[in-house]
Amino acid sequence: MFKKEVSPFNKQSDLQNDKNKEVKEQILKSAKSLFSTRGYNGTTVRQICDEANVSLALVSYHFGGKENVFNALFEPLRHTFMNANYDLEDSLGSLISFCRNFVLYRTEEHELIDILQQELVMNSPRLEMLKDVFLPSWEQLRSILFACKEQKTIDFESIDIAVNFVMGTLMFSLNNPFLNRSSFNTTAQHVADLAISYILNGLHSGKN
């Protein structure tokens, strides 16, 4: 049999693609860290490049500017929330699953959630750009809570207040050293269990 030869051009192209991917990942990783600690306005493109150890021109080449870097950070979060499906026939089970999944993701990607919290608190002009990031999860939760109310698996006076109550619990600040002066060791799963317990008790589900 004859071996198919790979042309030098294709090899070079693959190497360049790999290099470009690596550079973009470095830029995004550095930007995520800086945005979460310094905020969007407190972070410059030069700081991102210095942190990523890449030249200044590469941010413009790969992203076109700081705002596009910021937007690109949330692509994984967009896909995660938009592709999540819950069985509303099992409303209480869906609520528990939603809360657990959110806590686990919040723990794994705490920098992204921190950035979102900053943008929400500031009512920043970038919220319009981010609405497809956080609104799907709020709408999913609203649908689940409405089903819970209809099926009488939980009880609450206002669905708007219930949504805010639940999301407020899930968007905790355990990773903030300013608010948490003492150290503690626990797992993300245990934190999820505690959050679910607080939420269900707060919504009067009667679940032990």
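1. **What you are looking at.** This is a predicted model, in which local features need pLDDT of at least 70 and side-chain atom pairs count only at pLDDT 80 or more, while totals for chains, interfaces and linings use all residues. Residues are numbered from 1 along each chain as its sequence is written, and side-chain values use heavy atoms, with hydrogens and water left out.

2. **Salt bridges overall.** Searching the whole structure turns up nine salt bridges, each being a side-chain nitrogen of Lys or Arg within 4 Å of a carboxyl oxygen of Asp or Glu. As background, side chains of opposite charge can pair when their charged atoms come close.

3. **Helix α6.** Helices here are DSSP runs (H or I, at least four residues; strands are E, at least two), numbered from the N terminus.

4. Buried residues of α6 include S91, L95, F98, F102 and R106; buried means under 20% relative accessible area, exposed over 50%, and partly exposed in between (1.4 Å probe, protein chains only). Among the elements covering the buried residues of α6 are α5 (75–82), α8 (127–151) and α10 (188–202).

5. R100 meets D193 in a salt bridge at 2.8 Å, N to O. This pair links distant parts of the chain, since R100 sits in α6 and D193 in α10, 93 residues apart. R100 is partly exposed at 24% relative accessible area, and D193 is partly exposed too, at 38%. R106 pairs with D114, their closest N and O atoms being 3.0 Å apart, and here both residues are buried.

6. **Helix α8.** E128 and K131 form a salt bridge, with the closest N and O atoms 2.8 Å apart. Both lie in α8, three residues apart, about one turn of the helix. An α-helix has 3.6 residues a turn, so residues three or four places apart point the same way. E128 is exposed at 54% relative accessibility, whereas K131 is partly exposed at 39%.

7. **Q140.** Also in α8 is Q140, which is buried at 14% relative accessibility. Leaving aside neighbours within four places in sequence, Q140 is in contact (heavy atoms within 4.5 Å) with F81, A84, Y86 and F98.
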